Amino acid sequence: MSELPPCPGCESPYTYHDGMQLVCPECGHEWVAGESAEAEEEKQVRDANGNVLTDGDTVTVIKDLKVKGSSSVVKVGTRVKNIRLVEGDHDIDCKVDGIGPMKLKSMYVKKA
C-alpha cells in the first residue's frame, strides 16, 4: 500500500483516495494529489474592479456602508490608507478616519 500525504488542513494521517482527489475523513478537506499546499495559500484579494490588493495599499469606498451597532456611515469616496489583508468574510482590516478600526469586504472598495 502506498504512503498517502497527510491532510494540509489538519495534518491528519488518515487520508484516502476518492477518484482523482485525496480526502481527509476528519476535517472533510479535499485536494488534488500532487497539488502543493502553497497554491491554496496564494489566494489573492481583489477589489471591485479586479485589481489585486496588498498590505499597505490605499483604497476608496465605492458604496455607503452602515457601521453595525452605530448610527455612523462610511460614505462613498472615503479613502482608507494602509490596509491589512486578513482571512475571512471581511478580508480588509483597517482604520477609517472619524470612525476607528473596522473590517471591510474587498467587494466594496477600489484601489486608489
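Helices (H or I, at least four residues) and strands (E, at least two) are taken here as DSSP runs, numbered from the N terminus. On that basis the chain has one helix and eleven strands, and from the N terminus on its elements follow the order β-β-β-α-β-β-β-β-β-β-β-β. The radius of gyration, taken over C-alpha atoms, is 19 Å, well over the 13 Å that the globule rule (2.2 Å times the number of residues to the power 0.38) gives for 112 residues, so the chain is more spread out than a compact globule.

This is a predicted model, in which local features need pLDDT of at least 70 and side-chain atom pairs count only at pLDDT 80 or more, while totals for chains, interfaces and linings use all residues. Residues are numbered from 1 along each chain as its sequence is written, and side-chain values use heavy atoms, with hydrogens and water left out.

Three strands form an open sheet in the order β8-β9-β10, with antiparallel pairing, where two strands pair if DSSP finds at least two bridges between them. At its edges stand β8 (84–85) and β10 (100–104), each with a single partner strand, so one side of each has no neighbour in the sheet. Two bridges join β8 to β9 (residues 92–96), and Leu85 stands opposite Ile92 in β9.

If a disulfide is a pair of cysteine sulfur atoms within 2.5 Å, the count comes to zero. Cys24 is in no disulfide, its nearest cysteine sulfur, that of Cys10, being 3.6 Å away. The sulfur of Cys27 is likewise 3.6 Å from the closest cysteine sulfur, in Cys7, which is too far for a bond.
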